Structure formats: C-alpha cells, structure tokens
Amino acid sequence: MTSHRPLAVIIGMPGAGKTRVGRQAAALLGAPFIDADQRIEDEIGMGIAQYFERHGETAFRSVEASLIQGLLEDYDGILSLGGGAPMTTETRRALRQYVADGGKLVYLQADPREAMERARRGGNRPMLSGDADARWKQLFEQRDPVFTALSNLHVRTHGSTPHMAAKKLTEAIMQRTIHITGKAIEAYDVRVGESSMRQLPETLGDNPTKVALIHTQPVQRHADHARALLRQSGYLVSDVVIPDAEAGKTVQVANGIWERLGREGFTRSDAIVGLGGGAATDLAGFVAATWMRGIRYVNCPTSLLAMVDASTGGKTGVNTTQGKNLVGSFYTPAGVLADLRTLETLPNDIFIEGLGEVAKSGLIMDEGILDLLEDHADELRGFDGGSFIDSPLEPVVSELIERTVRVKAYHVSNDLKEAGLREFLNYGHTLAHAIETLEHFTWRHGNAVAVGCVYAAELAHLLGYIDQDLVDYHRSLLRSLGLPVAWQHENWDEVLDLMHRDKKARGDTLRFVILDGIGHPIHLDDPPQEAVHEAFVRVQQDPADK
Ligand SMILES: NC(=O)c1ccc[n+]([C@@H]2O[C@H](COP(=O)([O-])OP(=O)(O)OC[C@H]3O[C@@H](n4cnc5c(N)ncnc54)[C@H](O)[C@@H]3O)[C@@H](O)[C@H]2O)c1
Ligand SMILES: [Zn+2]
C-alpha cells in the first residue's frame, strides 16, 4: 500500500498567513497546495460565511472534518487548514494520527498584531464577527494551547517578509527530526536541516537567562550566527572559545569554564550550548553535566561525525594524560540542532572521515545507507563545503545523517549505559582504537573505523560467518568513499595488547563485534588467536594495491 499523506499540514490563527505563506512555500518546494477553506467553498457551492449563516457552525464543522480527513488520507502536497478546524474533535484525532504516522503539522505563528490586522482586512470570517480584535484575542487564548500541543513544528514569522516566512516554512518542512527516547533518558529531538540552528531559542526554552556558548575558533562564523540568534531572543550570551579538537577536551579547559560560569553567576536554570566538532560538543556536554550537577544544554554539531555520532547518545567526557575519554558522564542534551549550513566550511578530509561512521551504521543495520553511499560515492568523496548547500548532494547528506542518527538512536534507546545492544555501534572499533593509539592520534577516528570494519569482516570470514564477497564489499565501498582500508604495523603484540584493553574485552578474553550478514551484528567472544592474527595480516595490505 502506498501512503499518500500531505507533505505538511499548516494550522494557525486567522490572519497568520496560512494560505499566502503556505502557497509560496509550496511553490518553492514544487509541491501542490490546497487551502481547505477554499476546497470547502467549492464543495458547498457558497462562501463559508453564508453557509455559517444558513446552517450554523456545527453543520460547517462536520463538512470541514470529513473533507480534511479525506485529504489527510489521499493528498501529498501542502494543506492549509481553516483557523478553527483543529478545534473539532474528529479533526484533532485525525491530525494526531497524521503526526503519529510521521506527518509534519506546522503551527504558523505570526505577530498577533499583524495577524489581527490581516484577519480584519480579509473579511468574510464568521468567527470574527463583532469586535474582530477582541474576538481574535479570545480565540487565540482558546486555540493557542491546542495548536501548540497538537503540532510538531512551530514556525514563527514575526518580522519576516512573506518571502522570508515562506523560506522559513520550507526549511521547517524539509527538516528531518529524529525523536530520541529511552528508559533512562529524557526524550529529545535531533533536528537535521538547513538553518536548524534557528531553533536554538525554542530548544533552550524560556527558563535560562544566561547561555554559555562553547565553541572552537574554526567554527567562529557559525558561533557568531548562534550568538546573534540567542541575543535576538533576549539571552545574555557568554562567548567561550576553547582550544581546537582534542586539546579542548581536558579537565583544565573544563575548569577554566567552571570558574567563568561561577564568576558570571550561572545558576542551575541557565544553559550551555556546545557548537563545533565532536570534541567541542563532548567538552560542552561534560561541563553542562557537572556544573551544579547538571544544567540544560543544547548541541550544535558542525562536523559530519559530530552530527551522526558524537552529539547524540548521551556520552560526554574529557581526555586525561592516560588516554581519551577516560573521564566523563552520561548526560542527555535538551536537543541537537544539526544545521547543514555549518557544513559549508567543513574541510573535505574531515567530512570523509565522518563517512566512516556512516558506513559502519549501514553495515550493522541499514542497507538504505549503503545504497545511498554506493549511488553517490563520487560526489561524497569530492565533497566541497563551498558548493554544498542547494546542491544535489545536500538532500543525500541530509538523509544519510538522519538514517545514521536513527541507527544510533535504536542502539542507545534501550540501554543508555554500555551494554549488549549499544556495543554493536562499536563495529570496527576494537582495531580502530588500537590504530588511533599506535598512530598517536594522527589518524582520524572515522578513518581508523573504516580499517577496523575491514578487519572485523576478515575475522568474520575466517571464522565462517560471512563469505569473501562481503569482505570485498567492505573494501570496495569504503575505498570508493575515499576511506582507508589497510593499515600496517610491525609489532603485532602491541596491537594485540591494545585490543585486549578495549572496553569490550572481559578479563583476559577478547571480544569483538562482527557481522554474520549485512545488518546482523553479533558478539564474538574469545576467538581463536590464529584467526585474530591472520585477519590482521590480511588488513595490512589493500589487495587492490597488489
Ligand atoms: N560522545 C560520543 O558519543 C562521541 C562519539 C564519537 C566521537 N566522539 C568524540 O568526537 C571527537 C571527534 O569529533 P570530530 O571528528 O568532529 O573532531 P573535532 O571536534 O576535533 O573536529 C575536527 C576538526 O574539524 C573542525 N571543524 C568541525 N566542524 C567544522 C566546520 N563546520 N567548519 C570548519 N571546521 C570544522 C574542528 O574545529 C576540528 O579542527 C573526538 O573527541 C571523539 O572522542 C564522541
Ligand atoms: Zn566511533
């Protein structure tokens, strides 16, 4: 059964611009547009006001409800509803179902004064007869809580030109939202889209007065944007620049920020925004988790790896001189805003590294990811931030991010703490961690994971779990994306020793994640030493280089 459901349904107060902005947004998206009121008038063969007069509101609402239900089931464009439509029980029920099925119900919020003015001018609105402004306010009080609760996207058009409002609406519609829930965590959303950073204020909420914006220097431009958005919404923003990459993930840096938060009077109700690659979001999360035993924080990841991995899943932490991520805590953000525009400045090699984790997620769970990677390998490998936005690659990357976050969400939803299911995300990581250490962290994580996946595939093949074709597929896919598939190291004992120190290892026995088919990860405990070594021999050379 193919489902035809509207691309988006727009609700809002009279005069909010549902028809005007909705129509323009549909044009931008090349989607059809229906105004439910217009459709009803065509059907009943008279104006709505006239119908109200003759038959009363109840009769009108019932015509309206059945028409909307029909459209919700069999229409795939943008649908705008009359202002009072969601106040009917049947319509509300149908809209709830639409949202539950993954639909996008947009509450379009205009400046009340402008909306009132437009509603008055528009005329022909039976619900506003009498003192139109007073009536509008009264309806607003009744409807706003219902609209807010019912909708899953809120678009504020205050101070926007009609064109800007339409652009905002299209961005909201095209945005991908992944809802992360679990037993041990407070639910939050990961929002992937062009300009999703604009949702910083609503994600932070009204409580915080002060916001510490923690970021690194290479993403200054995006931090400036975030700061402007926050200031516009009335927050007092402290700009906190930390050293780049792993140098920022130390307890000394955290301590400097704790001191600053203290001096600047940050309380439990204030908030932190972490903006940057995974190192910055890990550190920001750690500070948020520890300041006053935990304050609200929002992640704005700016690297592909941070978007698909580091910023979700609830792990935060810092490095010590003994190693990476040795100190930290599980702490969930209030939301993650993966703004695709930030990728405009991301260097090609750091983008490609992120594809290592994306491919891993495809291999353990989602063949759809693998299809996308295969179909767009050349464009992905040639990623150029400068020409990324509005290129054909943008929707591809956006879908890859969404799918990869969903894979992660699935594996962390049941057990936030390290345990069986979550461990599958560590496919390829046992060798990867050894590579990173032995290369003194000059190898990027995602690159090491790519080699680690090939290693795990060789191991699985040696033990009879998968055939040679699947091992070859690992290599050809990763290679096509510009990722490494081989790594040499002379001293096997050092490698083995480090793999023993992997978090998955239990006591003296090694533990790996391997596949027994695409999408079927399993745990492998204490495999024969010869196989563990032979797989390493095979990963030292890329057969394609022979
Ligand atoms: N918490 C978790 O679950 C988790 C998961 C995976 C990785 N991590 C951590 O994430 C870190 C790796 O993340 P990463 O790969 O993003 O590395 P990173 O944070 O070091 O960023 C890599 C480099 O890219 C720069 N950069 C990031 N976004 C940019 C942009 N939009 N434009 C220009 N430059 C940009 C950074 O400033 C840095 O120089 C590691 O510290 C790792 O431990 C954490
Ligand atoms: Zn990883």
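**Close-up 1. The cover over helix α18.** Elements covering the buried residues of α18 include α19 (445–462), α21 (492–500) and β15 (511–515). The model is predicted; local features need pLDDT of at least 70, side-chain atom pairs count only at pLDDT 80 or more, and totals for chains, interfaces and linings use all residues. Residues are numbered from 1 along each chain as its sequence is written. Eight of the 10 residues of α18 (residues 429–438) are buried, so this helix is largely enclosed by the rest of the structure. They are H429, T430, L431, A432, H433, A434, I435 and E436. Buried means 20 or more other C-beta atoms within 10 Å of the residue's own, with C-beta atoms placed from the backbone. H440 follows α18 and has a positive phi, near 50 degrees.

**Close-up 2. Helix α19 against helix α22.** α19 and α22 (residues 529–539) pack at about 130 degrees, axes 9 Å apart. That makes α19 oblique to α22. V451, V454, Y455, E458, L459 and L462 of α19 meet A531, V532, E534, A535, F536, R538 and V539 of α22. Contact means C-beta atoms, placed from the backbone, within 7 Å. By class, this contact has 10 nonpolar, no polar and three charged residues.

**Close-up 3. Helix α13 against helix α14.** α13 (residues 348–364) and α14 (residues 367–375) pack at about 135 degrees, with axes 6 Å apart. α13 is therefore oblique to α14. V358, A359, S361 and G362 in α13 meet E367, I369, L370 and L373 in α14. Five of the contact residues are nonpolar, two polar and one charged.

Key:
Chains are lettered from A and ligands numbered from 1 in the order in which they are written. Axes are lines fitted to C-alpha atoms, for helices over the stretch in contact, and angles run from 0 to 180 degrees between N-to-C directions. Helices (H or I, at least four residues) and strands (E, at least two) are DSSP runs, numbered from the N terminus. Angles under 35 degrees count as roughly parallel, over 145 as roughly antiparallel, 65 to 115 as roughly perpendicular and the rest as oblique. Two residues are in contact if their C-beta atoms, placed from the backbone, lie within 7 Å. Ala, Val, Leu, Ile, Met, Phe, Trp, Tyr, Cys and Pro count as nonpolar, Asp, Glu, Lys and Arg as charged, and the others, Gly among them, as polar. A residue is buried if 20 or more other C-beta atoms lie within 10 Å of its own, exposed if 12 or fewer, and partly exposed in between; C-beta atoms are placed from the backbone.
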